Amino acid sequence: MNDNNKSITGYRIYFIVWICLLILTATTVAISNLKLGKYGALISLFIASIKASLILLFFMHLKYEGFLIKAMLLLTIMTIAIIVGLTFSDVWYRH
Amino acid sequence: MNKDNILEEKEDYEGSKMGMWLFLFTELLLFTGLFLLYSAFRSRYSDEFHTGAAELNKTMGTLNTVLLLTSSLTMALSINVIKKGQKKLSVLLQGLTVSLGLLFLVDKYFEWSEKIRHGIYPNSAELLQRGKGETIFYGLYYLMTGLHGLHVIAGIILISIMIIMTINERIHREKFVKLENAGLYWHLVDVVWVFLFPVFYLIS
């Protein structure tokens, strides 16, 4: 036995994650109908981030991966944050 | 099997997965560039982006979200059951994943063709008449959902190959990293859609 089998996740957790994802989808659609303007956009991006995290952690097994892959993902997210941050520091102060 | 063989197998397994993750990171950066383009233009043409988003079919967008999320579930389950040696069930679940992916594309086809029937497509007379903001909104809509659609097609082809490999016993309970990597790709396509959905369909 090698430790491949370590990443066998129970069937239940997959179904729970799936139901959570569907509930979050219904929530974000319901909130978008309330027309909250700028806050609505922020809320929908926040919900999308939770959904993406659930997919990454459970469906993509990130929760059970070693340090290296987690660190690599963190590096990618930081790179994205820097690119987004620098772009917006320009875009926001143009007008 | 002696100890050396087990070690070799493990290295291969870890390496394959790491290679896949590295590739997925380049995919994330690719889509980040497009999302950045979207948000920069949105801050300039916010009214036109709102009008554009209001015209998109929210019901079809939601349906597609549900289809992709469910296909992610069946994909994750197919890997779980192959680890337990349940070959037939794994093939069935992979087949379900492919079918849900195809349904996603059918939905997308109806959505796009309805827009095109109304004269809304890149460089159309109708769109040019509406001005810069909406032209950019729909340009990004076709580019981003189109590129995502190409990824769905690639995923469907990839998983179809996995189905054949599972049937031929080239993927089995001891050797499933290819199926896992195909799954990682499929889930990433899902993650990208999770962001495309609010950005185009909900922010109106």
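The model is a predicted one. Contact between the chains involves 46 residues of chain B and 44 residues of chain A. The structure also has a largest pocket of about 1,300 Å³ and one cavity of 30 Å³ or more.

**Interface between the chains**

- The size of an interface is often given as the accessible area lost when the parts come together.
- For chain B and chain A, the buried area is about 4,200 Å², and carbon and sulfur atoms give 75% of that area.
- The two chains are linked by one salt bridge.
- The partners in the salt bridge are A:Glu65 and B:Lys17, whose closest N and O atoms are 2.8 Å apart.
- Six residue pairs, with both residues at pLDDT 80 or more, are in polar contact between chain B and chain A.

**The side of chain B that touches chain A**

- Three helices of chain B each supply at least two residues to this side: α1 (3–44), α3 (58–83) and α7 (177–202).
- The largest share comes from α1(B), with 16 residues.
- Sorted by class, this side of chain B has 27 nonpolar, 11 polar and eight charged residues.

**The largest pocket**

- Rolling a probe the size of a water molecule over the atoms shows where empty space is left.
- The largest pocket holds about 1,300 Å³ of space.
- Its lining is made of 34 residues, and those nearest the centre of the pocket are A:Leu45, A:Val84, B:Phe35, B:Ser39 and B:Phe195.
- The lining of the largest pocket comprises 24 nonpolar, eight polar and two charged residues.

**The largest cavity**

- The volume of the largest cavity is about 60 Å³.
- From chain A, the lining of this cavity takes A:Phe59, A:Met60, A:His61 and A:Glu65.
- From chain B, the lining takes B:Lys17, B:Ile79, B:Glu180, B:Gly183, B:Leu184 and B:His187.
- Both A:Glu65 and B:Lys17, the salt-bridge partners, are among the residues that line the largest cavity.
- With four residues, α7(B) gives the most to the cavity lining.
- By class, the lining of the largest cavity has four nonpolar, three polar and three charged residues.

Technical notes. Residues are numbered from 1 along each chain as its sequence is written. Chains are lettered from A and ligands numbered from 1 in the order in which they are written. This is a predicted model: local features need pLDDT of at least 70, side-chain atom pairs count only at pLDDT 80 or more; totals for chains, interfaces and linings use all residues. Side-chain values use heavy atoms; hydrogens and water are left out. Contact means heavy atoms within 4.5 Å. Buried area is the accessible area (1.4 Å probe) that two parts lose on being put together, summed over both. A salt bridge is a side-chain nitrogen of Lys or Arg within 4 Å of a carboxyl oxygen of Asp or Glu. A polar contact is a pair of N or O atoms within 3.5 Å; within protein, one must be able to donate a hydrogen and the other to accept it, and residues adjacent in sequence count only if both atoms are side-chain atoms. Ala, Val, Leu, Ile, Met, Phe, Trp, Tyr, Cys and Pro count as nonpolar, Asp, Glu, Lys and Arg as charged, and the others, Gly among them, as polar. On a 1 Å grid over the protein atoms alone, a cavity is a set of points where a 1.4 Å probe fits but cannot get out, and a pocket is an open set with protein on both sides within 12 Å along at least five of seven lines; lining residues have an atom within 4 Å of a point. Grid points are joined across faces, edges and corners, and a volume is the space filled by probe spheres set on the points.
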